[in-house]
Amino acid sequence: MAMGKGYARAYYGTEHATAVQRKSSAHLLISGVSNAYTLEVLRVFGNPILQVLKGLSFESAMVPDPKRCNSCKDSASSRDSPEWTRPSPFPDEVLDRVLSLMESHKDRSSVSLVCKDWYNAERWSRSHVFIGNCYSVSPEIVARRFPNIRSVTLKGKPRFSDFNLVPQNWGADICSWLAVFAAAYPFLEELRLKRMAVSDESLEFIATSFPCFKSLSLLSCDGFSTDGLKSMASHCKNLTELDLQENVMDDLGGGWLSCFPENFVTLEVLNFASLNSDVSFDALEALVTRCKSLRVLKVNKTITLEQLQRLLVRAPQLVELGTGSFQQDLMPRVYAELESAFNNCKNLHTLSGLWEANFLYLPVLYVASAGLTFLNLSYACLRSNELANLVAHCPSLRRLWFAVIIVSKTEVLDTVEDKGLEAVGSSCPLLEELRVFPADPFDQDIVHGVTESGFVAVSRGCRRLHYVLYFCRQMSNAAVATIVQNCPDFTHFRLCIMNPGQPDYLTNEPMDEAFGAVVKTCTKLQRLAVSGLLTDLTFEYIGKYAKNLETLSVAFAGSSDLGMQCVLGGCTKLRKLEIRDCPFGNAALLSGLEKYESMRSLWMSACNVTMNGCRLLAKEMPRLNVEVMKDDESDDSQADKILKIASLETARKQM
């Protein structure tokens, strides 16, 4: 489901730095390093440096800049400065040990900027690299910078490609990256790709060029078919993970599961929930039986409840399960066997699937629900009483996703409404993440089932809530203010009022004070999506108070260029800015000249920017890739869609 996309990364701040200190100290003392060296490590890796340097991107660490280094802040930009070339005050083995305990790519990138020794130590010790945009840096630069990579996470097309706003053949092909990786990283083990173009030939190349390859995750990718999956199954002898999520691919049948060799036993994660065709159940059952270490299994909707029961009997060790269809008729004996199979899954903490769930069979889940921490009901389309009965058995729930059944204006049906959310608030006190989205967001002649009342009810009962994506049919300023007072620790707040430009339904005033309350109260806020009738006052609030904001999404909002100018001038940590259907023009675009190089990307569509404004931006900022995408039959002077990428490369080749 399109609206279920988009996963947020954790942010490592002061608490993480403190944890690194404590963990480093313990490990250094155990390994026999003296207390003097331990104290020196803690001093250098302490909070002051990380607080200054945290949040620097991978791209900014590709070519270290001594001016941005805390220890070299007074030096010239040359790498030959004494501060940059000064040797590390403690042995290499101590630095290597501390770096091995650092998991955050942001913190590692920050460490590499301190001095030359730390740069080299981080360079040689890094085994995983995250690249937030495939055009921000070339694969050759990555290979030169990091010689020992085993795992790569790579993102391609802009998020708006999910909504068909990016040309079909825009680019983001994995092919050129694989060619470099094959030469530089023959022992590559893991690829995690998002919104990349991946062909069957590329999948075959991965399967045959990297003998140690173990893990492939494709999220919202396109260009391949199940023939490519056959290559992966046939040639990757050590494969532990095959994770396919929301891809646009040619589903040519389920025979690819039969291509795993009979002696293949290493699989730990298998997710083919987004595929549509029937699979060979005999091959699937045999594979699940052989792979004793299988932890995650997410099947597609063609798998019946009876088949699911057989799979659970053979894999009671699962911790994450995505079921198939939950709709067919069951005999009492099969129902009892299915309930028994769920009861034997003692380690289950994540449940998804449940396509078109029949309320008669939901009780089989109750025996396995006590330990659930993540419940994804995106495809279940439950009604209020069904959701209430299910979450009542999930006291440990931390994450909940569900889709609202959409009802036409002329049809009356029960659906998940505010009563269902009231049940969530009363049953799930540990809830941290809530996503509520419509099953069909593009249907205009609809009535949506949730309002501000359900959101307020959740906020009262779930005080740990810090991530929300909430689609609703109405909202008020007072309700949002109450919500953030109840849950002031929001890091991600994404509110979508379905009718663009809708005011506070009680007062008919703009929704400015609602989002003003969000940014004033939620000081840890990293991602914000705004909606409703908004004036420039909203953006003045954002620029003044949202000092930790990294990603902002705006649609159908603002009064003038001032709004965007306030955001670019005030949000010092902003990394991604997404704008559509707003009145912002050239003055707003050009107000960010000093900001854009530190941002990962800027997207603007259906705004008031002209081609001359884009040309001036490209001239003033030669290190940026500024790309304009024109719509058919549009005004030649208008820039219909703009994508700005901070890059170490020259402009990308156009498709």
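User: Let's start with one residue. Which helix does T226 lie in?

Analyst: T226 lies in helix 12, which spans residues 226-235. Keep in mind as we go that this is a predicted model.

User: Is T226 buried or exposed?

Analyst: The general idea is to compare the relative accessible area with a cut-off: under 20% counts as buried. T226 has a relative accessible area of 1%, so it is buried.

User: Which residues does T226 touch, leaving aside those up to four places away in sequence?

Analyst: Its partners are M249, D250, D251, L252, G253, W256 and L275.

User: Now for helix pairs. At what angle do helix 16 and helix 17 pack?

Analyst: For a pair, look at the angle and the distance between axes. Helix 16 (residues 384-391) packs against helix 17 (residues 418-427) at about 10°, and their axes are 8 Å apart. Angles under 35 degrees count as roughly parallel, and that makes helix 16 roughly parallel to helix 17.

User: Which residues make that contact?

Analyst: Helix 16 contributes S384, L387, A388 and V391, while helix 17 contributes K419, G420, A423, V424 and S427. By class, the contact of helix 16 with helix 17 has 5 nonpolar, 3 polar and 1 charged.

User: How do the axes of helix 13 and helix 14 cross?

Analyst: The axes of helix 13 (residues 281-290) and helix 14 (residues 305-314) come within 9 Å and cross at roughly 20°. Helix 13 is therefore roughly parallel to helix 14. Their crossing is right-handed. On the helix 13 side, F281, L284, E285, V288 and T289 meet Q307, R310, L311 and R314 of helix 14. This contact has 4 nonpolar, 2 polar and 3 charged residues.

User: And the whole chain? What share of the residues is buried?

Analyst: Of the 655 residues in the chain, 57% are buried. The chain has 24 helices and 24 strands.

Terms used:
Residues are numbered from 1 along each chain as its sequence is written. This is a predicted model: local features need pLDDT of at least 70, side-chain atom pairs count only at pLDDT 80 or more; totals for chains, interfaces and linings use all residues. Side-chain values use heavy atoms; hydrogens and water are left out. Axes are lines fitted to C-alpha atoms, for helices over the stretch in contact, and angles run from 0 to 180 degrees between N-to-C directions. Helices (H or I, at least four residues) and strands (E, at least two) are DSSP runs, numbered from the N terminus. Angles under 35 degrees count as roughly parallel, over 145 as roughly antiparallel, 65 to 115 as roughly perpendicular and the rest as oblique. A crossing is left-handed if the near helix is turned anticlockwise from the far one by less than a right angle, and right-handed if clockwise. Contact means heavy atoms within 4.5 Å. Ala, Val, Leu, Ile, Met, Phe, Trp, Tyr, Cys and Pro count as nonpolar, Asp, Glu, Lys and Arg as charged, and the others, Gly among them, as polar. Buried means under 20% relative accessible area, exposed over 50%, partly exposed in between (1.4 Å probe, protein chains only).
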